[in-house]
Amino acid sequence: MPSITRRMIAILAIGTIFIAGVLFLTYHFLIGPTGLQTSMPTLSVATLGENKACVECHQKENPGIIQQYHDSKHSGRGVQCLDCHKPVKGQETLTKDHYNVALIAKPTPNNCVQCHATEVQQFTDSNHAAKSWYAVQGAKNFTPAELAKYHLLDANGKPLNGGNANPVFNLIGQDASAQSCEVCHAVGQKNSDGSFGDCTKCHLRHTFEVAQARKPETCAQCHLGPDHPQAEIYDESAHGAYYQANESKFNMDAPAGTLTVKDFPAPTCATCHMSAFGSVQGTHDVGQRLKWTLAPEIASVRKNGDVHQQTMNAVCLNCHVQPFIDDVMSKAEKNIVLTNQNLAKGKSIIQDLRATGLLGTKPFGTPIDFLYFELWHHEGRRARFGAVMGGADYVNWNGIYEQEKALVELQSQAEALKVKH
C-alpha cells in the first residue's frame, strides 16, 4: 500500500475519532446526560488549578461529597466547585480563606442566582422565603425595608404579630427550637449577605437533583406532624396510594418543562404546586396555585386567589373533569368555613375570660391557652388540609371532631373558672 494512501487513511481515522469525541463531549457536557450511562470522567474530575485541588483533597477527606457531585448534572455540564463557592458581592462576612483560596462554605441564593435567576426570584416571592423565617423569629434581625419588601407589615404599617417571635419558640426555648422549628423554617432563613433562603433544603447537596425535589418524601421532611400533616394526608389520599403502588412508573428525571401524565401518572407534591405540567408553567413560588391561606387562625382567600385556583384547575384537568374538580373544591370550602366558625366560637370563649380578668396575658399560661392554640394550629389546619388534599380521616377524626371536642372542653373549663372566681 503506497505511503500516501496509508497517511490518508490514518488522517481520516484520526479525524473520525476527533469528530466523534467532540460530538460525545458536546452531548455529555452541554446538552447534559438524560439517561445515558457512561464511565467518561466528568469535568469535576478533569478540573484544573484551584478546582482540581478541591476535588483531590475532598476525594480523600470527604469522598461522599465528591461522589455525589460526580453523579450530578452540575458536574456533567461543567459547573465546578468555585462556580458555586466563590464569593460574590456582599458576601464579605461569609468569605473564608481556605488553603489560600477565598470561598464561602455554604452558598446562598445570591450564588444560585448567577444561573437560576428566575427560580431564585420566584422562591424569594414565596412563603418559603422570608415569611417562613419570620414565622419563627419574628422581626428580629429584619430591617424596616425588608419587613416592607416581604409584606411583613400589618394594615397600620407595624410588624405582623407585634414583631414577636412565635410563642412556641419562646415556650420551648432556643436550644429545642434550633433542632426543631428552625430546621424546617430555615428554608427561608436570613443570610448575612441579605438574601433569604436555603435552596439545599429541597435540592440536597451535592447532587442538587430535580428528581429529588419532585418526590413527596423530600417535602415530607417538613410537611408532617400534628400541625401540618400534608405528607400523611398525601399518603392517605388516592394520589398518594397510586404513587406508593406505582412509583417505578414515574419518570422523576424527565427534563423540566416537559412533564405530562406519561411521566407522572398521578401527582406528587411538586406536580400540583411547582412543576411545569401540561399547559401550566413551572414556578418556585409554592403559593401561585393556591386559592386559600389555610395556616392562620382564620383561613382566608389569598389575593388573586380565584386566579390561582384556575391555574391549579389546569393541572387537575390533566386527569379530572371540571365538574369533579368543582364538586371537590365546593365540599372543601364548606369545611374550611366550618373550621373558621369553630375558631370564632373558641375565640369568643377566650376573649370573654380575658375581659373578665380570669386569664392572664402570658401565652400558654393555662391549660385553656393550649386548648385554644391547638383548636386552630393543629385541628383546624388538619381539617383544612385534609379537605383540599383528599384526606378523609384528617377532615373528621383528626380535624372537625377534635375541634368539637375541644370546644366542649373550653366551655367547661371556662364555666369552672367563673364559678371558682
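Is Lys52 buried, partly exposed or exposed? Lys52 is partly exposed, with a relative accessible area of 34%; here buried means under 20% relative accessible area, exposed over 50%, and partly exposed in between, with a 1.4 Å probe and protein chains only.

## About the model

The model is predicted: local features need pLDDT of at least 70, side-chain atom pairs count only at pLDDT 80 or more, and totals for chains, interfaces and linings use all residues. Residues are numbered from 1 along each chain as its sequence is written, and side-chain values use heavy atoms, with hydrogens and water left out.

## The chain as a whole

Let us start with the overall view. The chain has 21 helices and four strands; these are DSSP runs numbered from the N terminus, with helices (H or I) of at least four residues and strands (E) of at least two. Along its principal axes, the C-alpha trace spans about 115 × 55 × 35 Å.

Of the 421 residues in the chain, 37% are buried. The accessible surface comes to about 23,500 Å², and carbon and sulfur atoms hold 59% of that; accessible areas come from the Shrake-Rupley method with a 1.4 Å probe, and for residues only the protein chains shown count as cover. Taking contacts (heavy atoms within 4.5 Å) between residues at least 6 apart in sequence, 55% join residues at least 24 apart.

## A hairpin

Strand E1 (residues 95-98) and strand E2 (residues 101-104) run antiparallel and are joined by four bridges; two strands pair if DSSP finds at least two bridges between them. Thr95 has Ile104 as its bridge partner in E2. Two residues lie between the strands of this hairpin, and Tyr99 takes a positive phi near 55 degrees.

Cys184 lies in helix H12 (residues 181-185) and Cys222 in the loop between helix H14 (216-219) and helix H15 (230-236), so the bond ties together parts that are 38 residues apart in sequence. The torsion about the S-S bond is about -95 degrees, so this disulfide is left-handed. Both partners are partly exposed, Cys184 at 21% relative accessibility and Cys222 at 24%.

Cys112 is partly exposed at 24%, and Cys316 is partly exposed at 23%.

## Salt bridges

The count comes to ten salt bridges, each being a side-chain nitrogen of Lys or Arg within 4 Å of a carboxyl oxygen of Asp or Glu. One of them brings us back to the opening residue: Lys52 pairs with Glu56, and the closest N and O atoms are 3.1 Å apart. Glu56 and Lys52 are four residues apart in helix H2 (residues 49-61), a separation of about one helical turn. Glu56 is partly exposed at 44% relative accessibility.

Other pairs reach across the sequence. Lys190 and Glu146 meet at 2.8 Å, N to O. Lys190 sits in the loop between H12 and helix H13 (210-214) and Glu146 in helix H9 (residues 144-149), so the pair ties together parts that are 44 residues apart in sequence. Lys190 is partly exposed at 27%, whereas Glu146 is buried at 12%. Asp227 and Arg381 form a salt bridge at 3.9 Å, N to O. Asp227 lies in the loop between H14 and H15 and Arg381 in helix H20 (residues 367-389), so this pair ties together parts that are 154 residues apart in sequence.

## A nonpolar surface patch

Leu171, Ile172 and Phe370 form a nonpolar patch on the surface, with about 240 Å² of accessible area together. Patches are made of residues with over 30% relative accessible area and no salt bridge, where like charges are joined within 9 Å and nonpolar side chains (Val, Leu, Ile, Met, Phe, Trp, Tyr) within 5 Å. Ile172 belongs to helix H10 (residues 167-172) and is partly exposed, at 35% relative accessible area.

Terms used. Disulfide = S-S within 2.5 Å.
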